[in-house]
Amino acid sequence: MLKTLRNAFKIKDVRRRLFYVLLMLVVVRIGSQLPIPGVDSNYFKNWFASQSSDAFNFFDAFTGGSFTEMSIFALSITPYITSSIIIQLLTIAFKTLEDMQRDGEEGRKKLTAITRYVTIGLALFQSIAMTVGFGNRGLIPDMNFMNAVVVVSCLTAGSAMLMWIGEQITEKGVGNGISIVLTINIISGMPSDISNLFTTFVTGEGKSIGMRILSALIIIGVIVGIVVLVVILQAATRNIAVQMSQKVQGRRQVGGQQSNIPLKVNTAGVIPIIFASSLLQFPVVIASFFGKQPEWANYLTQSHWCKPSQLKYSIGFVVYLLLVLFFAYFYTSITFNPREVAKNLNDRGGFIPGIRSGKPTVEYLTKILNYIIFIGAVGLIIVAVIPILASGLTGANVGFGGTSIIIIVGVILETLQTIKSMITERSYSTVKGIF
């Protein structure tokens, strides 16, 4: 990692791109501290303290604390992420969108434009819902039409600006712009979360020096273990050998080379956890808008799971695990089509050794895919469950979870890979220019 960064700073173009990314991230963090005019910036801090559910904690982690501060970036890039998922799902139902996706660069530009419009629409809807839902309850001390318009405009514009910053980082930086913005928001909140964790278990009163050292080592060991597991999970692939048929052109035989189809074990990434958490928390959020905290919400709230004194609420925990498994299969099924892969392989004169072309190839790919999806989903569940178990059994408030670590590690690995590709490309161009 350090070697890659050192090599990157030696190349002028890559160095310029890295400085551009750094500048944009500074803008993101400054915007996260700018309050919206006319709102009580302490409202959500006090509101969080009075809530027994963690319905908004997951969302607040994605905003880097901007939500509780009610800054202009309070919505963060969640509207863009939601719209991207919606458009991706709609490509299955609507052939027009599917054709756009397959129509090369022009089709992707059209889909990007549609995603932007949907993002603005979602940001506007969420801004209005938040302003109307909380405005009269103290969020806006002087609630009137003009003040409401200002709040809605700031929230929508802030989300649109973050979307633009993400796209600029992708184009003029090192790629993965939206993911990098999301990652820096999550990272910004982790120091305080880790500090709270150490305060609870290490520096608490009535503990001997030996117990404090042991507690610190356990915390560090668990965090390092989760990171290592995530790295292995993100990098793990199953390579399926492919043999290309030989063809005779004139007096020469061409083709016949061996290749492989790399299938990522964690094909769906962190999407299953996000989907499962969002689905369980949606009813709780709706109830919160009406100022209610019904008992059934405890079954859907992570802070009530795995507690020995409240085992009945862990039913929601079991449902959560099943949802993660379901969405792992569901999301992979819409992003990887074995039938289409088998068709493309056949059209190019390739085949999997020992497997006939056509239906047998589809069945073989489906069997392998189902196997590795299960392994990837189990890995995701282990990473996501460790913080939940720690919170339930010890009563500690673990602010960051496996989801955050998966996102951070995944984005860092992808960004480093992109930087390596840039270094290789520039080095190759330099050598080619010399000769």
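This is a predicted model: local features need pLDDT of at least 70, side-chain atom pairs count only at pLDDT 80 or more; totals for chains, interfaces and linings use all residues.
The chain has 435 residues, and 44% of them count as buried. Its secondary structure consists of 17 helices and five strands. The accessible surface amounts to about 23100 Å², and carbon and sulfur atoms account for 64% of this area. Contacts between residues at least 6 apart in sequence were also examined; 69% of these join residues at least 24 apart.

Two helix pairs are described here. In the pair formed by helix H2 (residues 12-31) and helix H9 (residues 145-172), the axes are 9 Å apart and the packing angle is about 170 degrees. An angle over 145 degrees counts as roughly antiparallel, and H2 and H9 are therefore placed in that class. On the H2 side, the contact is made by Arg17, Tyr20, Val21, Met24, Leu25, Val27 and Val28. These residues meet Met161, Leu162, Ile165, Gln168, Ile169, Glu171 and Lys172 of H9. Sorted by class, the residues of the contact between H2 and H9 comprise ten nonpolar, one polar and three charged.

The second pair consists of helix H7 (residues 95-102) and helix H8 (residues 104-139), whose axes come within 6 Å and cross at roughly 130 degrees. H7 and H8 are therefore oblique to each other. H7 contributes Leu97, Met100, Gln101 and Arg102 to the contact, while H8 contributes Gly104, Gly107, Arg108, Lys110, Leu111 and Ile114. In this contact, four residues are nonpolar, three are polar and three are charged.

Seven aromatic pairs were found in a search of the whole structure. One of them joins tyrosine 299 and tyrosine 313, with 5.0 Å between ring centres and 80 degrees between the planes, an edge-to-face arrangement. Tyrosine 299 belongs to helix H13 (residues 296-299), whereas tyrosine 313 is in the loop between H13 and helix H14 (315-335); the pair therefore ties together parts that are 14 residues apart in sequence. The two tyrosines fall into separate accessibility classes. Tyrosine 299 has a relative accessible area of 26% and is partly exposed, while tyrosine 313, at 7%, is buried.

Phenylalanine 327 and phenylalanine 330 have ring centres 6.5 Å apart and planes at 75 degrees, so this pair is also edge-to-face. Both residues lie in helix H14, and because they are three residues apart, about one helical turn separates them. Phenylalanine 327 is buried, with a relative accessible area of 12%. Phenylalanine 330 has a relative accessibility of 32% and counts as partly exposed. Elsewhere, Trp305, Phe317 and Tyr320 are linked by ring pairs into a cluster.

The relative accessibility of alanine 342 is 8%. Buried means under 20% relative accessible area, so alanine 342 counts as buried. When residues up to four places away in sequence are not counted, alanine 342 touches Gly358, Thr361, Val362 and Leu365. For leucine 365, the separation along the chain from alanine 342 is 23 residues, and the C-alpha atoms of the two are separated by 8.2 Å.

Notes:
Residues are numbered from 1 along each chain as its sequence is written. Side-chain values use heavy atoms; hydrogens and water are left out. Axes are lines fitted to C-alpha atoms, for helices over the stretch in contact, and angles run from 0 to 180 degrees between N-to-C directions. Helices (H or I, at least four residues) and strands (E, at least two) are DSSP runs, numbered from the N terminus. Angles under 35 degrees count as roughly parallel, over 145 as roughly antiparallel, 65 to 115 as roughly perpendicular and the rest as oblique. Contact means heavy atoms within 4.5 Å. Ala, Val, Leu, Ile, Met, Phe, Trp, Tyr, Cys and Pro count as nonpolar, Asp, Glu, Lys and Arg as charged, and the others, Gly among them, as polar. Rings of Phe, Tyr and Trp (its six-membered ring) pair if their centres lie within 6.5 Å; planes under 30 degrees apart count as stacked, over 60 as edge-to-face and the rest as tilted. Buried means under 20% relative accessible area, exposed over 50%, partly exposed in between (1.4 Å probe, protein chains only). Accessible areas come from the Shrake-Rupley method with a 1.4 Å probe; for residues, only the protein chains shown count as cover.
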